[in-house]
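I wanted to look up a helix, a pair of domains and a hairpin.

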Amino acid sequence: MRAWRWLRENSILIIGLLAIAYMLVPILVIAVFSFNDPPGRYNFEWAGFTTEYWADAFGIEELTESLLTSIRLAFFTAIGATILGTLLAIALVRYQFFGRRAANLLIVIPMATPEVVIGAALLSFFLTLDVFQLGFTTLLIAHIMFSVSFVVIVVRSRLIGFDRRLEEAAADLGANAFTTFRKVTLPLIAPGVASAAFLSFALSIDDFVISNFNSGSTVTFPLYIFGANQRGIPVQVNVIATMLFAVTIIAMLAVIIQQKRAEKAAAMRPEEVANKPAISIPV
Amino acid sequence: MEGSPDLPPTDSAEDRAEQAAGKAAGSGSGGVRLEGVTKQFGDFTAVEEMDLDIADGEFFTMLGPSGCGKTTTLRMIAGFEQPTTGKVLIDGSDVAGLPAFKRPTNTVFQSYALFPHMTLEENVGFGLKRKKVPKDEIKKRVAGELERVGLSREAKRKPNQLSGGQQQRVALARALVNLPKVLLLDEPLGALDLKLRKGLQVQLKQIQRDVGITFVYVTHDQEEALTMSDRIAVMNEGRIEQCDDPESVYERPSTTFVAGFIGVSNLLPAVASSSSEIKLDTGPAIATPEASRFGTGERCFAVVRPEKLEIDLEGRGDTSKPGVDGVVETSLYLGTATQMAVRVAEGVSMTVLCPNVSDEERQSLPGAGARVRISWLPEHMHLVAESAGNKATADETPTDNVTQGVN
């Protein structure tokens, strides 16, 4: 009877915890199995604890190389997509031009289209175009292409809430258009731009389907894992996956802490400041 | 750059103020002239054929209800909008096509528009930095300006850590530090509470006198305009209805709109019965030399300010003075005065304001329902023509308790 009541009173907590567990347990399994010591080529059954593979995390040359390729790709994708997407967002929010509404709609199409379709379409496009060899360049083009939509959407929302009078104030104080953008607009939309950059980095490093079509002989981290799955996955995959996860978590925490601090600063309005007597003019 | 006046670097805000004041008296920091300026947004005409001459060092106010074109006019002077036709001259030179960042003007925005990511110091120094003023001079002038507005201790704070009144003062400092030829103020006190606003009105006027810079001030608050301005342009539907000093605008409004917008006004419909007499629709004929401005038989309105009226119970009081009879509808105690609405005819009511001189006098005032006679001295009555545009209606006038004589 008492147990039943306890369950009922804490049901939201329990359901919440279960949901979180559902989301996190697979990741936990990956992390745990990075300490496994499997006898064969497959790392699917627990055989014993070892830190051997952590010590030798970058021991498999192909794996390390694919990771570096992915990071490089994600880095350039983030830069390219963020610049392009930010400029696009500014154009879409700020300017009236023919086809603006259509452009606003078209921008979400890459997000809504199945990846397989984009991947296959890009492949036939690259083959027909016959300018680039399939490889890093085509991957970069493909990744920037599908990331731009996300950047536009993130930056656009930041721009919509932007007080245009701040730009007028800058102009009024003698700043030309470029200085105004550099000193006022960009710093104020920076949080949006930064999260857009992180997002496109994450999308790129994560992508498998589109990359699989357009990679040629270039092997990214997801492509390596998929390939390795056929032959047997080395424990290092778990180690590196865990590392990536840890880096992501730390980055996220850093962002959250930064935001909290900014909010706190914004909310702070000491009494003495508010209650100070009005102007005294030295005459 | 154009915005930097030809002043040598100075040591303190006071020095600077002195020099600027001397300048205003002498060589001139710059007046503003509008010649036939029209601004259209699509089909909508925001400002129509406006001519305006603002003298150097003047505190000039554009007053009107929202949508009357006052802010658009200000934005054309600042360079945020370009006139559709007509010329804007600042300090004698045509500024057509000159973008905002090249004009010798600075603006205090209604919402302050302080840069939230910069400290007060950085906000105030923003303009000087754009003009490539040497660093230590920027520091000195910024410190001086922050001291003037009493925010030296907050120099390192960000705008969102300040109260509204403080933010307003930063906005003022940020504009004034550049010593513009013309300072444009777009309802700078609009967002503040009444008490703070009153204090800042006085201080703003004082600062303007100190620095001697031409102030072009936009507001919808008639009291604010009357308190601070050297001259007021009362605007309505993109046109100037009257442009005059505060006393003239208040005492001698030239149209029904001005009479209704500035203060509480009593408008009594009348007709000019001869060149020296008018006949009130709701009362007697009254002799007035002003009738000569109207053709015989022409419609006009008699304006008398509420505080100039005398109210007596019917049958008493001085019947030699012009007046009308009516019934008290409401009587409101306002603290400094008692305000009564008196219905003098169907659809015509008048507001009477009796100062609270003593308890005794206040208690002797007629209550609601009393039949009364309202009278005034002939010199307190003024004739106006009906506005070409719409009449000021109750929802356009910002003042509380505005009573329209004509409905």
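My entries follow, chain by chain.

This is a predicted model, so I kept to its rules: local features need pLDDT of at least 70, side-chain atom pairs count only at pLDDT 80 or more, and totals for chains, interfaces and linings use all residues. Residues are numbered from 1 along each chain as its sequence is written, while chains are lettered from A and ligands numbered from 1 in the order written.

**Chain A, helix.** I looked up H8 (residues 136–160) of chain A, which has 25 residues; helices are DSSP runs of H or I, at least four residues, and strands are E runs of at least two, numbered from the N terminus. From first C-alpha to last, H8(A) reaches 35 Å, close to the 36 Å expected (1.5 Å times one less than its number of residues). I found a bend of about 30° at Ser147(A), taken between axes fitted to the seven residues ending there and the seven starting there.

**Chain B, domains.** Domain 1 covers 13–244 and domain 2 covers 252–384, with bounds from an automatic or database assignment. Their C-alpha centres lie 39 Å apart. I noted 5 residues of domain 1 in contact with 8 of domain 2 (C-beta atoms, placed from the backbone, within 7 Å).

E17 (residues 337–345) and E18 of chain B pair in the antiparallel sense over 8 bridges; pairing takes at least two DSSP bridges. Ala337(B) stands opposite Pro355(B) in E18(B). The hairpin has 2 residues between the strands, and Gly347(B) takes a positive phi near 80°.

How values were computed
Two residues are in contact if their C-beta atoms, placed from the backbone, lie within 7 Å.
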